[in-house]
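Hi,

Here is the structure I promised to pass on to you. Have a look at it first, and then read on for what turned up.

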Amino acid sequence: MSKLNISEQIKTLRRAKGLSQESLAESARINLRTLQRIEAGDTIPRGETLRLLAQALDVLVESLTPAPAEDASFLKILNLSALSFWILPMGGVLVPLILWLYNKRRIAGVDDLGKRILNFQITWAILVYGITITMVVQTFAGHMFVNPLVVVCILFLLSFVNTAVILNTHFKIVRGEGDSYWMGLKIIQ
């Protein structure tokens, strides 16, 4: 069995032994809701809970120990995928979103970094596309409050700031220092 998905391991072992969730929880002396969260992948059992489950399932604790290593190369790919905003409209949100959804439980560190990237990119997209839509509406209405050249310069400046944050985060990940996504709306929690 894969050590990357402990919830599936526990569920498969429980079913192979013909146990219900209630009977395994009782046998392991853990709360039924805790077992349900573990099997749903919402929580990872550690310490005493892990030992009790292994004992009840008659397996070694080591066989259940989750081993998803943080994959710095994937974290770099996830981060750099936000640069796709230069090629695709909303690419800075959509590409990281797809990578995050597919890998958030498979690779350690992806869930947290993905949330921060997405919150930052969504905030950036709201700002940039909001300015753009406002400019287009003003143009069609014939009421230009701001010189279009100034707006275009602001949009390019925002794009370069976004790129700088992404590249700075890339180098921080390489050095093992974390990321630069300290701002943004808390849309994805």
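Before the annotations, a word on how to read them: UniProt positions are given in the numbering used here, and annotations may be inferred rather than shown by experiment. Please also keep in mind that this is a predicted model.

Let me start with the annotated domain. An unreviewed UniProt entry places "domain: HTH cro/C1-type" at residues 10–64. In the model that span is 71% helix and 0% strand, and its end C-alpha atoms lie 8 Å apart.

Residues 122–141 are 100% helix and 0% strand, with 28 Å between the end C-alpha atoms. Residues 147–167 come out at 95% helix and 0% strand, and here the end C-alpha atoms are 31 Å apart.

Next, helix 9. This helix runs over residues 148–175, which makes 28 residues, and reaches 41 Å from its first C-alpha to its last, close to the 40 Å expected at 1.5 Å a residue. Its buried residues include Val-151, Leu-155, Leu-158, Asn-162, Ile-166, His-170 and Ile-173. What covers the buried residues of helix 9? The cover includes helix 6 (72–80) and helix 8 (110–141). Just after helix 9 comes Gly-176, with a positive phi of about 75 degrees.

Now to the rings, which may be of interest to you. Counting rings as paired if their centres lie within 6.5 Å, the model has five aromatic pairs. One of them joins Phe-85 and Trp-86: the pair is tilted, at 5.0 Å centre to centre and with 35 degrees between the planes. Phe-85 counts as buried because its relative accessibility is 11%, under the 20% cut-off. Trp-86 has 38% relative accessibility and so counts as partly exposed. Trp-86 also pairs with Phe-160, again tilted, at 5.4 Å centre to centre and 50 degrees between the planes. That pair links distant parts of the chain, 74 residues apart: Trp-86 is in the loop between helix 6 and helix 7 (91–103), while Phe-160 is in helix 9. Which residues do ring pairs link into a cluster? They are Phe-85, Trp-86, Trp-124, Phe-156 and Phe-160.

Finally, two charges over rings. Lys-104 lies over the face of Trp-100, 4.5 Å from the ring centre. Arg-106 has its charged end over the ring of Tyr-102, 4.1 Å from the centre of that ring.

Key: Residues are numbered from 1 along each chain as its sequence is written. This is a predicted model: local features need pLDDT of at least 70, side-chain atom pairs count only at pLDDT 80 or more; totals for chains, interfaces and linings use all residues. Side-chain values use heavy atoms; hydrogens and water are left out. Helices (H or I, at least four residues) and strands (E, at least two) are DSSP runs, numbered from the N terminus. The expected span of a helix is 1.5 Å times one less than its number of residues. Buried means under 20% relative accessible area, exposed over 50%, partly exposed in between (1.4 Å probe, protein chains only). Contact means heavy atoms within 4.5 Å. Rings of Phe, Tyr and Trp (its six-membered ring) pair if their centres lie within 6.5 Å; planes under 30 degrees apart count as stacked, over 60 as edge-to-face and the rest as tilted. A charge sits over a ring if NZ of Lys or CZ of Arg is within 6 Å of the ring centre and within 35 degrees of the ring normal.
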